[in-house]
Amino acid sequence: MSYSRALPALARLKPDRLARMRRFRSSRAREKSEEAQLDPACTLVEKPCDVDLIAAHPDRTTRICVDFDNTREAYRSKDTLELLRSLLVFRLCAYDLLVDRNKELLDLSKKVLGQTLFEKLMKMTFYGQFVAGEDQDSIKPLMVKNQAFGVGSVLDYSVEEDLTQEEAEKKEMDSCVSEAEKESHGIDHREKKYKAHRQFGDRRGGVISARTYFYADEAKCDCHMETFIKCIKASAGSSVDGFSAIKMTALGRPQFLLQFSEVLVKWRRFFNLLAAQQGKDGMAVLEQKLEFEQLQDSLANLGVGAKQDIENWFTGEKLGSSGTIDLLDWNSLINDRTKISNLLVVPNVETGHLEPLLSRFTDEEERQMKRMLQRMDVLAKHAVENGVRLMVDAEQTYFQPAISRLTLEMQRIFNKQKPIIFNTYQCYLKEAYDNVSVDVELSRRESWCFGAKLVRGAYMHQERQRAAEIGYEDPINPDYESTNRMYHRCLEYVLEEINHNRKANVMVASHNEDTVKFTLEKMNEMGLSPTENNVCFGQLLGMCDQISFPLGQAGFPVYKYVPYGPVNEVIPYLCRRAQENRGIMKGSQRERSLLFKELKRRLCENQLFYKPAC
């Protein structure tokens, strides 16, 4: 298939129902120079963090003070036994031997104690600390109590299959390798990064806190969708303005995510090549605007087609008023497809042709791709009907381009009035700022509401190891400080967008106290009021209560990620939570010291039997 036949067809065809899009208005992107890297020294706010948010409401003179050292307020929702449990769990998480052998120790405890006593022990310790309950009914008391203290919920069904490494690897290879690839015996044009590799087939390895799904069949994906629907309904019934979290790999065969990610990356790379030919490499991504006349010449020289044909592809609303084509205009070329498998074509610069990523797709593979999109559509509609916001979790970088693009398509459809669908941006990625800025610009042009959750990331060790062993560039920032700067840079960009039009929303999902203080200080500078609900905060259940509850009681929207599920089925989640807490406890004693401080205060003030009043 040549460019000259394919691209005009792309410009003519209408999108299918799930991938329909609005054409870009003929407007120039807001020009903005790339922001300077933040100096970490200037982002810290002295304690206590006094936040004066007056500018947004001139008639308001109240000065909001958030003191993260005030243990009375931080633990007002906890009785003394809960404080003691937190101290015990955090202390146990600091022992390497216990954490490294936690799975074996849990299995041994179950054999020795029996199922009933084992479940009681877990509910008194790790399960009770990090999991809200076994089902939608049992989690309601905790959600209601947290809501009474100003903390909402993001429901997260945390059940995982208890697979061996061999079983996980087999499932991954079966679900990520197409029939055409099996027949080609490795002779294809696929990139190594976007192919399945058995040594990394078990995606649970080196992952902190994120649950993992492995594809079994379409019926299992339907079961996952029904579970997510129950989550949405439970959130609607128990929490005001709640969230529900979903994962794309739970909704379909990951083969499509791998292939579509490779297509998106190659098209973007082709745009960068054309920009370099015009001397625009090294510029900020949104400042790279291809001069139309030069673009025509470049494509014609590649044998794509006659200049008149090329002009027809970019006429009308795709062509900016300045006579340039930017990345957003370019991206629109791969949207107008009626058959899903037709998306999976990539440019070959050497031949001047569009080539299919694979030689063929079976009818069943085509149906599987469509079903994934249909399940996403069903979940989004249930979220709208129930007044719940849907948060799409980030995953590995070889899946993420497709996940982000499909999430963006849902935002175009469902975020027209207010942000319902939230995408997740992993700020440990080198390209995080480019991803955020491009998506914010698209929301401006198309007048829908941008919704984002900013996280540092959960797959760092796995991503680094995979890149090194397979042989592609490490996608992760070089160190923790670089990730902090990237997080603050992305956050400041979104806050400026909120300040500009009040349509965007962001969740600052972080356990880093300095990042939270940085956010509050920027809100203060920009006059963003917490009562506008454009900026919210998120932490995991059972962790960093000294951040969550003071924020909630000061009037800021704050949410806990609330995992739930039967005791035996969330053991994999609890094992990883132990891994995460080991790192946190070794890196900082702050949470434990605050817990000790509150216990000492209650003892001195004769409040050891304190009971929270909801």
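Q: Where does glycine 242 sit in this predicted model?
A: Glycine 242 lies in the loop that runs between helix H10 (218-238) and strand S4 (243-246).

Q: Why is glycine 242 called buried?
A: Its relative accessible area is 1%, and buried means under 20%, so glycine 242 counts as buried.

Q: What does glycine 242 touch, leaving aside residues up to four places away in sequence?
A: Happy to list them: Ser153, Ser235, Val388, Arg389 and Tyr559. Each of these has heavy atoms within 4.5 Å of glycine 242, the cut-off for a contact.

Q: How many residues apart in sequence are glycine 242 and glycine 387, and what is their C-alpha to C-alpha separation?
A: They are 145 residues apart in sequence and 8.0 Å apart in space.

Q: How do you know that the span of helix H8 (residues 165-176) agrees with its twelve residues?
A: At 1.5 Å a residue, counting one less than the number of residues, H8 should span 16 Å; its end C-alpha atoms are 16 Å apart, so the two values agree.

Q: Which residues of H8 are buried?
A: They are Ala168, Glu169, Glu172, Met173, Ser175 and Cys176.

Q: What makes up the lining of the second largest pocket?
A: This pocket holds about 1,200 Å³ of space and is lined by 47 residues, with Val265, Arg268, Pro401, Glu431 and Asn435 nearest its centre. Elements giving two or more residues include helix H11 (254-277) and helix H16 (400-414), while H17 provides the largest share, seven residues. By class, the lining has 21 nonpolar, twelve polar and 14 charged residues.

Technical notes
Residues are numbered from 1 along each chain as its sequence is written. This is a predicted model: local features need pLDDT of at least 70, side-chain atom pairs count only at pLDDT 80 or more; totals for chains, interfaces and linings use all residues. Side-chain values use heavy atoms; hydrogens and water are left out. Helices (H or I, at least four residues) and strands (E, at least two) are DSSP runs, numbered from the N terminus. Buried means under 20% relative accessible area, exposed over 50%, partly exposed in between (1.4 Å probe, protein chains only). On a 1 Å grid over the protein atoms alone, a cavity is a set of points where a 1.4 Å probe fits but cannot get out, and a pocket is an open set with protein on both sides within 12 Å along at least five of seven lines; lining residues have an atom within 4 Å of a point. Grid points are joined across faces, edges and corners, and a volume is the space filled by probe spheres set on the points. Ala, Val, Leu, Ile, Met, Phe, Trp, Tyr, Cys and Pro count as nonpolar, Asp, Glu, Lys and Arg as charged, and the others, Gly among them, as polar.
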